[in-house]
Amino acid sequence: MAASDKKILDTINNPNDLKQIPESELMDVCSALRQEIIDQVSCNPGHFGASLGVVELTVALHYVFNTPYDNLVWDVGHQAYGHKILTERRNQFHTNRQYKGISGFPNRNESEYDAFTVGHSSTSVSAALGMAVAAHLNGETDKKTVAVIGDGAMTAGLAFEGLNNAAANNADLLVILNDNNMAIDPNVGGLNNYLLDITTSQTYNKVKSDVWRLLGKIDKITPNTRRIFQKVENGMKTILLKQSNLFEALNFRYFGPVDGHDVDHLVKVLKDLRNIPGPKLLHCITKKGKGFEPAEKNQTFWHAPGKFNKDTGEIIQSGNTSPQPPKFQDVFGETVVELAKQNDKIIGITPAMPTGSSLNIMMEKMPDRAFDVGIAEQHAVTFAGGLAAQGKLPFCTIYSSFMQRAYDQLIHDVALQNVNVVFCIDRGGLVGADGATHHGIFDFSYMRCVPNLTIAAPLNEIELRNLMFTAQQKDMGAFSIRYPRGKGRIVDWKQPFELLPVGKGQQLRNGNQLAIISIGAIGMEASDAIDLLEKEGYSVAHYDMRYLKPIDEALLHTIFKQHDKIITVEDASIIGGLGTTIQEFMCDNGYTAKIKRLGVPDSWVEHGTQQELYQECGYDKTGIYQTAKAMINA
Ligand SMILES: Cc1ncc(C[n+]2csc(CCOP(=O)(O)OP(=O)(O)O)c2C)c(N)n1
């Protein structure tokens with residue numbers, strides 16, 4: 001589409017401007033908005049297919065509802081680019097997900113149009129219910145609340161807790177189910193089958209039309225008998241509709257399915273629904289990637305594709321043709337298959353991230369032994385607990401920040417059961433452009449206090465393999481291995497397996513002026529910092545603890561006997577992780593030393609590249625170098 005065809009967008013800075021446009025021109029607005037998303041995301045990468053799929057819904061919602069007075073809550077929020085562009089952020093949109101730029105997700109601190117800060121899935125119904133109840137308590141009877149939730153996000157228990165509670169409160173709430181039959185990977189599970197059934201086999205629609213036909217006949221019966229039949233009518237409606245519709249059974253009024261790409265029809269339906277009180281659900285059928293052919297065809301890849309040529313759909317590669325080190329997730333994905341071939345107890349589990357975690361490799365090669373359980377981290381962990389209770393050895397891969405969802409399950413359903421489960425905690429540390437909701441910085445802190453749990457973090461890809469090999473030995477209990485987002489540094493990573501004794505760290509370098517103690521792959525930044533220091537004639541020792549728990553106390557005694565200046569480095573919250581562990585050790589053993597803890601401070605870190613964020617937190621190589629130099633020279 002030529003730039004001039006986007007002209008209509010120039011007239012829209014916010015939803016009030018949108019409302020000035022005649023209904024007959026809304027399709028033009030949709031085309032222009034879609035093209036704007038394609039233009040922008042092709043050169044400044046981010047989430048893609050999901051926003052294309054809700055263009056019409058976005059336009060219709062802002063056209064009909066009185067945002068920001070009415071509350072519009074997006075679930076996950078990766079589909080809200082059109083919303084951002086229509087709500088006063090078109091001019092900033094080129095900074096999307098960049099350091100100091102706008103967030104890739106709705107964020108309350110960024111705009112009054114973003115009713116709720118999101119990033120993790122399935123929060124929309126509960127949050128919107130809270131808003132609807134608050135509006136009711138405040139006497140704001142004209143205030144409307146809408147939650148937009150995908151069929152993937154709807155698979156989570158949290159979404160159902162919200163629906164259940166909304167019905168109990170008879171809240172004035174509209175839930176829009178954006179059903180594109182996809183999560184990032186194809187959506188899975190019983191709910192998905194049910195939604196397909198409702199849409200395609202028309203079980204529900206048939207029953208619904210049968211009921212209405214029958215009621216039409218009742219209308220023609222004489223006035224005397226009519227009263228009796230009215231009671232029957234209500235009863236039948238209740239029984240037949242509720243029996244055939246999950247949402248009606250939960251006391252929601254169900255509308256749809258409707259074509260989510262017909263903006264004119266959506267506007268009409270939303271205008272009607274605006275005036276219907278109580279909990280109601282509109283089932284919208286959409287296509288992920290709508291309007292950009294490659295994205296419609298390969299929806300998983302185009303969920304978040306990187307830079308691309310907007311005319312051809314060709315992906316723009318980095319240009320570096322030399323052999324590249326693998327992503328940590330791929331080392332996990334390939335190694336779990338290798339180990340599972342040798343150990344028939346091993347089972348793979350992912351909550352809706354087959355591609356993101358690379359468990360898809362095992363799902364393809366060993367479909368009976370690898371499970372995508374839907375966006376259901378709590379269930380994933382308890383499911384692992386159940387498998388382990390029967391002697392299986394689950395390798396449950398979960399992103400660090402999503403693992404927060406499954407904390408009680410980790411404690412109650414795994415650690416307390418004394419069973420063998422390996423947690424492969426992906427995206428540990430600062431993750432970059434996804435920002436505050438996705439940084440995996442709390443796992444060290446929230447795991448360290450759990451009894452019966454081994455906590456490890458590999459320095460590099462080879463160690464990740466070896467830790468996975470170690471964790472699947474007999475009776476290792478609950479065992480967490482956390483690794484960062486992105487690539488390591490070792491190209492030749494497929495080395496023979498080696499046991500890494502539990503609770504043993506390693507000395508990487510000798511030195512006598514200061515010791516750096518690190519854990520995990522961030523140790524490579526520390527190593528780079530020491531290279532700089534050595535060039536200037538400084539002598540700095542480097543220790544990699546490898547296991548946070550049990551910590552290598554013998555090694556710590558050696559370190560503290562030799563050094564009185566210590567820096568700890570971790571890609572994690574400064575509270576409760578490695579630095580805290582070392583300080584507890586010092587306190588318990590009466591050591592005094594000057595210690596500086598480097599990690600994520602006790603404040604929210606937003607988005608940017610990983611390197612920019614490491615720098616902001618002072619633990620990129622320059623930050624470590626400067627801290628070390630200052631301590632040595634103090
Ligand atoms: C708690 C949690 N787990 C996993 C994710 C990762 N994630 C982001 S989007 C997504 C798929 C969402 O599917 P759906 O709700 O159907 O939206 P669509 O992308 O299809 O529009 C997943 C699994 C997340 N954001 N939050």
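Which residues in H3 meet Val263, Asp264 and Val267 in H13? They are Leu26, Met27 and Cys30. The model is predicted.

**The parallel sheet**

- 5 strands form an open sheet with parallel pairing. Their order is E1-E2-E3-E5-E4.
- Strand E1 (71–74) and strand E4 (253–259) are the edge strands. Each of them pairs on one side only.
- From one strand to the next, the twist averages 20 degrees.
- Strands of a sheet pair through backbone hydrogen bonds.
- Strand E3 (residues 173–179) runs parallel to strand E5 (residues 279–285), and 7 bridges join them. Leu173 has Pro279 in E5 as its bridge partner.
- E1 and E2 also pair in the parallel sense, over 4 bridges. Here the bridge partner of Asn71 is Thr145 in E2.
- Both faces of E1 are covered. Asn71 and Val73 lie on one side, Leu72 and Trp74 on the other, and all are buried.
- In a regular strand the side chains alternate between the two faces of the sheet.

- How many of the 10 residues of H5 are buried? The count is 10 of the 10, so H5 is largely enclosed by the rest of the structure.
- The buried residues of H5 include Glu56, Thr58, His62 and Tyr63. Val55, Leu57 and Val64 are also among them.

**H5 against H6**

- H5 packs with helix H6 (residues 81–89) at an angle of about 40 degrees. Their axes are 9 Å apart.
- Why are H5 and H6 called oblique? Their angle is about 40 degrees. Angles under 35 degrees count as roughly parallel and 65 to 115 as roughly perpendicular, so this pair falls in the oblique class.
- The crossing of H5 and H6 is right-handed.
- From H5, the contact uses Thr58, Val59 and His62. From H6, it uses Gly82, His83, Leu86 and Thr87.
- By class, the residues of this contact are 2 nonpolar, 5 polar and no charged.
- An α-helix has 3.6 residues a turn, so residues three or four places apart point the same way.

**H3 against H13**

- Helix H3 (residues 26–43) and helix H13 (residues 263–274) cross at roughly 115 degrees. Their axes come within 9 Å.
- That angle makes H3 roughly perpendicular to H13.
- The contact of H3 with H13 has 5 nonpolar, no polar and 1 charged residues.

**Val29: a residue in H3**

- Val29 sits in helix H3.
- Is Val29 buried or exposed? Val29 has 0% relative accessibility, so it counts as buried.
- Val29 touches Ile8, Ile12, Leu18, Ile21 and Val59, leaving aside residues up to four places away in sequence. Val59 is also one of the H5 residues that meet H6.
- Val29 and Val55 are 26 residues apart along the chain. Their C-alpha atoms are separated by 9.3 Å.

**The mixed sheet**

- 5 strands also form an open sheet in the order E12-E14-E13-E16-E17. Its pairing is mixed.
- Strand E12 (506–509) and strand E17 (594–600) stand at the edges. Each has a single partner strand, so one side of each is left without a neighbour in the sheet.
- The twist here averages 25 degrees from one strand to the next.
- E12 pairs with strand E14 (residues 540–544) in the antiparallel sense, over 3 bridges. Tyr543 in E14 is the bridge partner of Gln507.
- Helix H27 (residues 621–633) lies across strand E13 (514–518), E14, strand E16 (565–573) and E17. H27 runs at about 155 degrees to E16.

**The E10 and E11 pair**

- Strand E10 (residues 453–456) and strand E11 (residues 478–482) pair in the parallel sense over 4 bridges. In E11, Ala478 is the bridge partner of Leu453.
- Both faces of E10 are covered. Leu453 and Ile455 are on one side, Thr454 and Ala456 on the other, and all are buried.

How values were computed: Residues numbered from 1 in each chain as written. Predicted model: local features only at pLDDT ≥ 70, side-chain atom pairs only at ≥ 80, totals over all residues. Heavy atoms only, no water. Pairing = 2+ DSSP bridges. Helix = DSSP H or I, 4+ residues; strand = E, 2+ residues; numbered from the N terminus. Axes fitted to C-alpha atoms, helices over the stretch in contact; angles between N-to-C directions. Contact = heavy atoms within 4.5 Å. Parallel < 35°, antiparallel > 145°, perpendicular 65-115°, else oblique. Left-handed = near helix turned anticlockwise from the far one by under 90°. Nonpolar A, V, L, I, M, F, W, Y, C, P; charged D, E, K, R; others polar. Buried < 20%, exposed > 50% of the residue type's maximum accessible area, 1.4 Å probe, protein only.
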